[in-house]
Amino acid sequence: MKASVTPLARRAAHALLRAGGVAAGVVVIAFLLVRLIPGDAATALLGSRATPTAVAQLRERLGLNESLPAQFWHFLTRLVTHGDTGASLVNGVPTRELILARLEPTLWLVAFATVFAVALSVPLALWAATHRDGLADHVVRILTTAGIAMPAFWTGLLLILLFSVRLGWFPVGGVRDGYPTSIVLPALTAAVAIVPVLVRSLRAELVEVLRADFVATLRAAGLPERRILARHVLRNAALPALVLVGTNISYLLGGALIVEKVFALPGLGDLMFDAIGSRDLPVIQGVVIYTALAVVLVTLVTDHLATVLDPRLRRAA
Amino acid sequence: MTVAPAAVAANVPQRRRALAHPSLIAGAVVFGAVLLAALLAPLIVTHDPAAQNLGAALLPPSGEHLLGTDYLGRDVFSRLVYAARTDLRIGAVTVIVPFVAGTLLGSVAGYAGGRVDRLLGYLVDTVLAFPFYVLILAIVAMVGTGERGIYVAYALVGWVAYARVTRTATAVAVERPWVHAARESGLSHRRVLLRHVLPNTLPQAVVFLFTDVVFVIAAVVTLSYLGLGIQPPTADWGSMIADGRPFLTTKWWLATAPGLAVVVTGVGLSLLADGLTDLWGER
């Protein structure tokens with residue numbers, strides 16, 4: 001028993017170290033983003049007609065007069081001690097407060113999208129896997145191929161057209177109707193973007209499960225096929241589906257921010273687009289760092305979860 | 001046995017082998033139609049895609065205007081065809097740098113192994129930690145909107161996927177007996193990698209190239225919809241959807257038709273990728 005715990009702990013420590021390294025890389029990249037502005041950042045932000053005094057003031061405020069390592073040191077200490085990337089250039093509010101104020105809609109959106117994604121992809125993958133190379137398999141393949149090519153914002157418009165305009169079931173946008181009513185269509189949109197990816201991986205996994213010895217044993221024992229699927233195969237599919245959402249969280253989260261824009265949800269995506277419009281650098285950096293660190297954390301947890309749940313992975317470690 | 005895949009395939013009647021793959025045919029037909037429309041745009045369109053006619057704005061589809069007119073009275077069908085030109089061209093140009101850089105880095109890492117491999121793996125993990133659209137949008141916000149922003153953003157982000165695909169394929173190919181034989185016969189690392197490993201890993205990168213163009217076109221269209229991509233008056237599917245957005249309830253075709261064009265293009269390219277996988281997987 002002890003022998004099986006130690007490699008797991010070692011694996012967890014290794015994963016933690018790796019995640020820490022990636023988190024450090026994320027901070028460095030987010031810091032360097034501002035360097036991509038062609039020419040002088042302060043001039044670029046204020047426009048060519050700005051007075052030299054205004055440019056000098058902004059340079060001072062952005063810390064551009066310091067050396068690059070000094071700038072990074074200030075960036076890092078501020079991030080560690082305050083948990084943010086400075087104050088907004090527009091209203092002077094610390095980015096941490098701005099981000100926390102916009103967190104709720106995004107969290108609702110991602111949570112519901114995860115539920116919808118699993119609820120949609122498990123039956124579709126199961127349907128395709130049980131009719132391998134049959135009609136159902138082809139239909140699912142065509143659906144996923146089309147799904148991958150659909151830009152999320154356009155899917156959102158189609159859903160608005162169908163469920164809000166024609167049927168009137170859900171609001172066109174905003175959060176006036178409260179949660180979860182306001183979040184159903186946006187979450188469905190974000191889910192549709194990730195479902196094709198999930199279905200493809202899951203179908204391959206299910207094909208393997210259906211071939212597994214225990215399924216043959218159950219069949220030989222005379223269990224009806226439907227019961228085998230419902231009780232045994234489905235259980236073996238739901239957790240991998242959830243883990244798959246975790247592995248693809250970066251994709252889901254990025255899509256969610258775009259979807260927020262389509263449905264006018266006041267979340268992180270909305271904050272990011274406002275910041276881009278006004279070139280509010282600290283806020284852009286803040287959203288980038290917060291979302292990327294969230295991805296690192298979720299990936300770490302799902303990887304660990306997958307290892308704990310699947311003894312095969314544990315042995316491989 | 002160090003022949004390139006193309007040389008192997010030449011032994012078998014290639015045309016018949018290609019015909020045996022329905023997705024390859026379907027993909028070639030669908031994508032070929034879109035490509036042809038883009039190339040022959042001036043011959044196909046019925047109106048100047050930029051010509052405004054405020055007196056004939058927001059007309060429904062008719063014989064004169066196949067898909068009606070937009071809020072400035074421009075012919076939607078003509079704009080749709082010209083948008084194919086814009087989006088396909090940008091899609092094709094955007095993937096060049098990521099393809100070359102990613103394939104090269106992935107090959108070197110997979111071949112060298114050890115510290116180089118771990119360093120690349122770390123870089124890949126770090127870039128992948130950023131939600132794709134968040135990073136792309138942030139870079140575009142810094143570099144500036146329009147084509148240049150798209151190229152820079154995707155060059156910085158897109159290479160990662162190619163590096164991953166090629167690295168895995170290379171690590172497998174390196175273990176093949178003919179690679180050992182080539183090394184032992186005294187060939188340089190450079191020659192072994194370029195002549196004996198790369199021809200075996202390149203097909204996978206090329207298949208991914210097709211899939212990647214689908215992602216890139218979706219990204220370009222998304223950026224343009226948000227006003228951060230192609231700038232007016234150039235016709236592009238994304239800005240066309242944005243233009244049609246306010247009329248979703250009354251003139252639903254304005255926002256749906258350009259999106260459908262994106263999907264059809266994407267499906268064609270995906271089918272091509274699937275077909276190529278089957279074709280090259282037969283070896």
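1. Let's start with residues 287–309 of chain A: this span is 100% helix and 0% strand, with its end C-alpha atoms 32 Å apart. Helices (H or I, at least four residues) and strands (E, at least two) are DSSP runs here, numbered from the N terminus. Residues 107–130 of chain A are likewise 100% helix and 0% strand, and there the end C-alpha atoms are 35 Å apart.

2. A word on what you're looking at: this is a predicted model, where local features need pLDDT of at least 70, side-chain atom pairs count only at pLDDT 80 or more, and totals for chains, interfaces and linings use all residues. Residues are numbered from 1 along each chain as its sequence is written, while chains are lettered from A and ligands numbered from 1 in the order in which they are written.

3. Both spans in point 1 carry a UniProt label. The unreviewed entry annotates "transmembrane region" at residues 12–37, 107–130, 142–163, 183–202, 237–259 and 287–309 of chain A. UniProt positions follow the numbering used here, feature names are shortened, and annotations may be inferred rather than shown by experiment.

4. Chain A is split into domain 1 (1–100 + 280–317) and domain 2 (103–266); such bounds come from an automatic or database domain assignment. Taken over C-alpha atoms, the centres of domain 1 and domain 2 of chain A are 30 Å apart.

5. How many residues of domain 1 of chain A are in contact with domain 2 of chain A? There are 11, meeting eight residues of domain 2 of chain A (contact: C-beta atoms, placed from the backbone, within 7 Å). On the domain 1 side, H15(A) gives the most, with nine residues. By class, that side has eight nonpolar, three polar and no charged residues (Ala, Val, Leu, Ile, Met, Phe, Trp, Tyr, Cys and Pro count as nonpolar, Asp, Glu, Lys and Arg as charged, and the others, Gly among them, as polar).

6. Now the chain pair: 41 residues of chain A are in contact with 37 residues of chain B. Helices that each supply at least two residues of the chain A side include H1 (2–32), H7 (135–149) and H13 (249–262). H13(A) has the largest share, eight residues. The chain A side has 32 nonpolar, seven polar and two charged residues.

7. Last, have a look at B:Leu88, in helix H5 (residues 76–94) of chain B. Is B:Leu88 buried or exposed? B:Leu88 is buried, because 21 other C-beta atoms lie within 10 Å (buried is 20 or more, exposed 12 or fewer, partly exposed in between, with C-beta atoms placed from the backbone). Leaving aside residues up to four places away in sequence, B:Leu88 touches B:Leu35 and B:Ala38.

Key. Contact = placed C-beta atoms within 7 Å.
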